[in-house]
Amino acid sequence: MKKEACESYALNIGKHIHQGDINSFIPSLSAYAGIDLVIGGPPCQGFSIAGKMDENDERSKLIWSYAKVVETVKPKAFIMENVKALAVLDRWASVRSSLMKKFIEMGYSVNFIVLNASDFDVPQARERVFFIGFKNGTISPPDLGTMLMPYKVKSKTVRQALAVLDRAGSGNNTSICNARITLTPQPVLRKSAYAGMLFNGLGRPLKLDGYSATLPASMGGNKTPIIDEKALYDGMTPWVEGYRDRVEKDVSVAQRETVPSFLRRMTVDEARVIQTFPLDYIFCGSQSAQYTQIGNAVPCNLSKAVCSMVVDVLRGKTPIQYSGLF
């Protein structure tokens, strides 16, 4: 785990975190055998369509380290988060099957589900898979979709969520991202001004009255989303919408126009709000390290919903509902 992320955890949550190779800690975890819950999010870059898609990537192998933790600790339940690709791509079908088989052999009723964070009070259209298991002696998979339904809360829009912050550079929104914004001379158009490729880099404008795209861990440079201050603060029509229409009529516009000064990169505090971190959560490290911690995180409100469901099952407040065979 990243040093700065460990420091942030220790400062905000508690100094019971260990930094280092998880494999070196697994033997000592037997002291916690029989605990209620194990939660983890093994690094996902090896499975992600944004990564190298390499099953032999050392980070990909950490799903098996997670399974070893579960095997060692034997919790009453577990939650494992990863990228959507692990759940839906044929390329990873054998990995999914082997993982599910291993959990079943350990005595868990297990299933997996892809969730969209925007369904759980997160202003971000971020999809992730969750493998969830209960140690109850049956191999019937739990109906996770039905079980999570009561925990759904439709999110605010990006504009509504960012209303808790002051203007960039002031008050509770002090960290400015100085990464330049430039127009690409060879634009790629889509129906939406918020898709395609109008700017250099992968940072696209935020759709203020909708949901953000997935915030990447690589924010801080030209992959950082773009905010239109006139649209956010003054209610003006977003500049990018008019620009996209002008380019469609005459592509040479891309050679003549420049980015207006009221377009800027998203700040760390705006990213934290979209990832639903508390405003008083303190991130350690450089600005780049703070962006990385936010982008790497599971959105807090999504985590809370999934964990609340599992905890309610463990406390007997919610029964396990079973689906057909997966």
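A disulfide is defined here as a pair of cysteine sulfur atoms within 2.5 Å. This is a predicted model, in which local features need pLDDT of at least 70, side-chain atom pairs count only at pLDDT 80 or more, and totals for chains, interfaces and linings use all residues. Residues are numbered from 1 along each chain as its sequence is written, and side-chain values use heavy atoms, with hydrogens and water left out.

Select the cysteines to begin. The structure holds 0 disulfides. At C300, the closest cysteine sulfur is that of C307, 11 Å away and therefore too far for a bond. C300 is partly exposed, with a relative accessible area of 23%; buried means under 20%, exposed over 50%, and partly exposed in between (1.4 Å probe, protein chains only).

C177 counts as buried, at 6% relative accessibility.

Now display the whole protein as a cartoon. There are 13 helices and 8 strands, taken as DSSP runs (helices H or I, at least four residues; strands E, at least two) and numbered from the N terminus. The radius of gyration is 22 Å, close to the 20 Å that the globule rule gives for 326 residues, so the protein is as compact as a globular protein of that length. That radius is taken over C-alpha atoms, and the rule is 2.2 Å times the number of residues to the power 0.38. The C-alpha trace spans about 65 × 40 × 40 Å along its principal axes.

Finally, colour by burial: buried residues make up 45% of the 326 residues.
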